[in-house]
Amino acid sequence: MNTTVVKTAHMTGNYSHDGGSSKVFGFWIYILQDLFLFATLFANFAVFSSAYDTGSAGKDFIDLPFVLVETFLLLFSSITYGFAMIQMHRSNLTGVRLWMAITFLLGFAFIAMEVYEFAHLIHEGAAPWTSAYWSAFFVLVATHGIHVTGGLIWMACMFIHLALDGLDAHNNARLTCLSLFWHFLDIIWIGVFTVVYLLGAL
Amino acid sequence: MFGRFTDPAAGAFSALQNEPIVLYTVSVVLVLGFLLLVAITFLGWWGVLWRNWITTVDHKRIGIMYIVLALVMLVRGFSDAIMMRMHQAMALGGENAGYLLPDHYDQIFTAHGTIMIFFMATPLLFGLFNYVVPLQIGARDVAFPFLNNLGFWITFAGAVLINISLGIGNFGRVGWLAYPPLSELAGSPDTGVDYYLWSLQLSGIATTMGAVNFVATIVKMRAPGMTMMKMPVFCWTTLVSNVLILMIYPVLTVALALLVCDRYLGMHFFTNDGGGNPMTWINYVWIFGHPEVYVLVLPAFGILSEVVPTFSSKRLFGYSSMVGAVLVILVLSFLVWAHHFFTMGGGVAVNTFFSIATMIIAVPTGVKVFNWLFTMYKGRVRLEPPMLWCLGMMFTFVGGGLTGVMLSITPADWQFHNSLFLVAHFHHTIIGGVVFGYLAGLVYWFPKAFGVKLNHKLGVASFWCWFVGFYLAFFPLYILGLMGATRRLQHYMEPSWQPYFIVAMVGAFIIGIGILLTVLQLLLVISYGIRHKGKLPVHENDPWGDARTLEWSISSPPPSYNFARIPTVKTVDAYWAMKVGSNKRKAGSFAKIHMPSNTSAGFWAGILMLILGFALVWHLWWLVIISFIATIAVIIIHSFTGNHDGYYIPATEVQETEDRFAAYLEAEGIKA
């Protein structure tokens with residue numbers, strides 16, 4: 001559907017900035033550069049992964065069951081967003097809203113748990129300024145968290161966009177980009193969970 | 001409430017009070033700026049400026065704005081350069097020799113490097129991308145016109161922020177890559193490094209946006225029939241340069257953000273205590289910094305690959321080897337970063353690897369130089385100004401590359417490291433390669449953008465001033481480096497060095513004359529523009545003759561929609577094929593053309609990000625919160641209220657525009 005619109009626009013030489021394949025392609029490119037950003041942060045965490053200085057080690061604080069719950073919240077939110085996209089392709093506005101609302105709640109719960117975890121760690125004396133290890137820990141995990149928060153704000157805006165225009169070409173392209181973004185953050189979290197928490201708990 | 005303004009250590013106005021040079025400069029800038037505003041008001045240009053430039057999404061106008069910004073920053077960066085050259089020419093003796101105190105001198109060399117790379121070369125690069133790439137691939141705009149406008153205004157915000165540091169507070173005294181621990185809070189407690197961090201962060205965001213845009217544009221918007229291997233080489237180098245940007249700017253963003261965390265939140269990434277490691281920063285900035293050199297120089301190679309065939313009246317020699325060489329450089333540029341710090345003590349294996357990788361990179365570069373030479377071989381070479389710049393580039397850049405190979409030899413590098421030999425080397429490649437190449441492009445595409453060529457005689461004179469001035473200014477530095485002079489010297493005790501520094505100063509002044517002549521060329525065109533009340537008449541499409549690519553098939557300056565009909569491409573050098581074949585210009589039955597709508601959101605977001613950057617530098621936390629939320633809000637509001645459907649230029653208007661051009665060609669007796 002989208003693709004046909006854009007193909008015609010391209011063939012007649014019309015400049016295509018309507019919700020279409022260029023936008024999604026551009027968003028892929030954005031995600032690739034974001035991947036490099038996270039790659040640098042992972043490398044940074046690896047460099048400082050034992051730089052505890054006089055502070056405490058990561059494994060003294062890592063609470064795996066807690067993080068596992070966080071992980072499942074985010075993984076399930078990826079599935080529910082996938083359901084929202086299926087509803088979008090069926091042009092079912094109510095279905096999109098329902099599944100996106102569930103996704104939003106799961107994402108929000110994830111962020112709430114992360115904020116609680118950070119507050120707890122700082123309270124226990126494992127703060128960003130304690131040592132290079134904790135600096136690297138907080139920056140990597142929080143950068144992911146800030147991205148998720150950005151995704152939540154985006155979702156909130158999407159509810160208004162959907163209320164105004166329904167599932168038109170612009171909104172479909174936006175939902176597709178947001179879908180890429182959300183799944184991307186899920187993949188990054190798998191990396192964070194493995195590198196920071198699982199390896200850290202060893 | 002007033003953040004660091006109330007902190008005497010931050011010295012908000014100390015430079016204005018203690019440094020007469022700064023006071024005079026700021027006064028002159030303010031007076032000139034005020035006069036400019038008065039002039040615009042008096043001439044009633046605000047409306048035109050707002051509608052046609054500030055809110056524009058037309059890639060051609062955004063390109064011109066980028067280039068204007070770059071030229072202004074060139075003057076700023078060059079002023080720093082000439083101050084350093086004058087100072088070092090008289091700095092024999094103690095700390096009070098010369099006319100700049102260490103505190104001021106250190107800020108000048110830091111500002112010079114930072115401005116020249118991030119706010120002169122990069123905007124000039126994006127100006128050329130913007131103007132030329134969509135025209136070369138037969139498109140009507142870039143893939144994301146709003147992003148393009150936004151990117152320009154964020155670049156502008158970064159440039160303004162770095163210049164505010166001249167008057168309010170200080171700039172860093174840390175060199176253009178701000179090595180910690182000197183750039184940490186303990187080493188640089190005032191605002192200098194913070195100006196550096198936030199203006200670069202803004203520039204980085206804008207550059208990344210631009211790169212996303214150009215990769216999408218080149219991949220998705222080529223004219224029908226233009227396969228990748230039929231693209232002009234400048235588009236290839238643009239693509240590779242932007243892919244490099246997408247891979248390296250995130251590293252810079254992270255490095256800057258981590259240093260911000262150190263300075264603002266007391267973290268321990270690059271500090272000496274708390275488990276931090278300053279060498280990590282040095283690795284990050286060079287993993288960014290070395291490919292950045294190729295980001296800048298590859299498009300210059302692309303420009304030569306366009307200009308040399310045009311002025312040799314021959315097809316480019318070895319198109320596919322050109323493309324291959326660019327791709328090889330893309331890969332190799334990631335394997336050489338540690339050659340910037342062989343003295344780190346990385347061990348024999350590490351240093352040998354980076355040493356050999358560095359030597360190998362000379363091979364694809366050599367391939368390109370040979371291709372240009374073979375293009376000229378048996379061609380009818382015409383020494384117009386763009387071609388002069390290209391010849392100057394080839395001659396000079398090869399020399400700079402050779403001293404680079406000298407530096408790549410690890411044991412020799414231990415002698416050259418941080419000496420003026422190194423300074424001479426990278427200016428040799430950047431002025432000889434990047435600047436000469438970009439100026440070739442600027443002079444070459446100028447008549448496309450404005451219909452008239454830059455004054456020929458002044459152009460030739462400007463080239464020779466740059467060329468001679470460059471050799472006089474930098475060859476003494478090679479000698480000084482071998483004599484043991486290190487870089488960034490505020491004073492020296494060795495009398496035998498002084499004559500060389502004086503020669504270098506003379507060279508810098510000759511380059512200065514070259515810049516003045518270019519400014520004079522531009523003033524002549526501005527007066528031509530004013531005589532025509534800003535409405536430039538159309539001129540012939542192919543003013544140099546024998547041009548080969550699509551941008552030369554449409555009128556100069558091009559209509560806002562670029563191509564009345566999107567051309568179908570069958571070969572490399574599409575326009576050349578049209579000229580050789582019996583392809584007649586289509587005269588009628590045009591369709592309406594879909595165009596993107598203007599928007600002011602980019603401008604407001606840029607202004608808000610400037611305020612955000614300033615507030616972050618001065619710890620005005622309330623302003624940080626307000627401007628941050630406002631920036632996000634502007635973007636979100638734009639997503640609701642912006643006109644995302646664009647508008648149509650009616651077929652009758654297209655017809656009129658094309659008829660006017662056809663009438664011009666007929667009157668001048670030019671074959672369409």
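This is a predicted model: local features need pLDDT of at least 70, side-chain atom pairs count only at pLDDT 80 or more; totals for chains, interfaces and linings use all residues.

In which loop of chain B is Ser313(B) found? Ser313(B) is found in the loop between α9 and α10 of chain B.

## Helix α9 of chain B

Helix α9(B) covers residues 278-312. Its 35 residues reach 51 Å from the first C-alpha to the last, close to the 51 Å expected at 1.5 Å a residue. Most of α9(B) is covered, with 31 of the 35 residues buried.

At the N-terminal end, α9(B) is capped by Asn277(B), which places a side-chain oxygen 3.0 Å from the backbone nitrogen of Met279(B). After the helix comes Ser313(B), with a positive phi near 50°.

## Packing of α9 against α10

Two packed helices are described by the angle between their axes and the distance between the axes. For α9(B) and α10(B), residues 319-332, the angle is about 175° and the axes are 11 Å apart. Angles over 145 degrees count as roughly antiparallel, so α9(B) and α10(B) fall in that class.

From α9(B), the residues in the contact are Tyr294(B), Leu298(B), Phe301(B) and Ser305(B); from α10(B), they are Met322(B), Val326(B) and Ile329(B). By class, six residues of this contact are nonpolar, one is polar and none is charged. An α-helix has 3.6 residues a turn, so residues three or four places apart point the same way.

## Val24 of chain A

Val24(A) sits in helix α2 of chain A, residues 21-47. Its relative accessibility is 18%, so Val24(A) counts as buried, the cut-off being under 20%.

With neighbours within four places in sequence left aside, Val24(A) is in contact with Thr176(A), Cys177(A) and Leu180(A). The C-alpha atoms of Val24(A) and Ala173(A) are separated by 6.7 Å, although these residues are 149 apart along the chain.

Most residues other than glycine have a negative phi, and most peptide bonds are trans. Asp53(A) has a positive phi, near 55°. Asp53(A) lies in the loop between α2 and α3 of chain A and is partly exposed, with a relative accessible area of 46%.

Chain B has a cis peptide bond from Pro180(B) to Pro181(B), with omega near 5°; Pro181(B) belongs to the loop between α6 and α7. The bond from Ser556(B) to Pro557(B) is also cis, with omega near -10°, and Pro557(B) is in the loop between α17 and α18.

How values were computed: Residues are numbered from 1 along each chain as its sequence is written. Chains are lettered from A and ligands numbered from 1 in the order in which they are written. Side-chain values use heavy atoms; hydrogens and water are left out. Axes are lines fitted to C-alpha atoms, for helices over the stretch in contact, and angles run from 0 to 180 degrees between N-to-C directions. Helices (H or I, at least four residues) and strands (E, at least two) are DSSP runs, numbered from the N terminus. Angles under 35 degrees count as roughly parallel, over 145 as roughly antiparallel, 65 to 115 as roughly perpendicular and the rest as oblique. Contact means heavy atoms within 4.5 Å. Ala, Val, Leu, Ile, Met, Phe, Trp, Tyr, Cys and Pro count as nonpolar, Asp, Glu, Lys and Arg as charged, and the others, Gly among them, as polar. The expected span of a helix is 1.5 Å times one less than its number of residues. Buried means under 20% relative accessible area, exposed over 50%, partly exposed in between (1.4 Å probe, protein chains only). A polar contact is a pair of N or O atoms within 3.5 Å; within protein, one must be able to donate a hydrogen and the other to accept it, and residues adjacent in sequence count only if both atoms are side-chain atoms.
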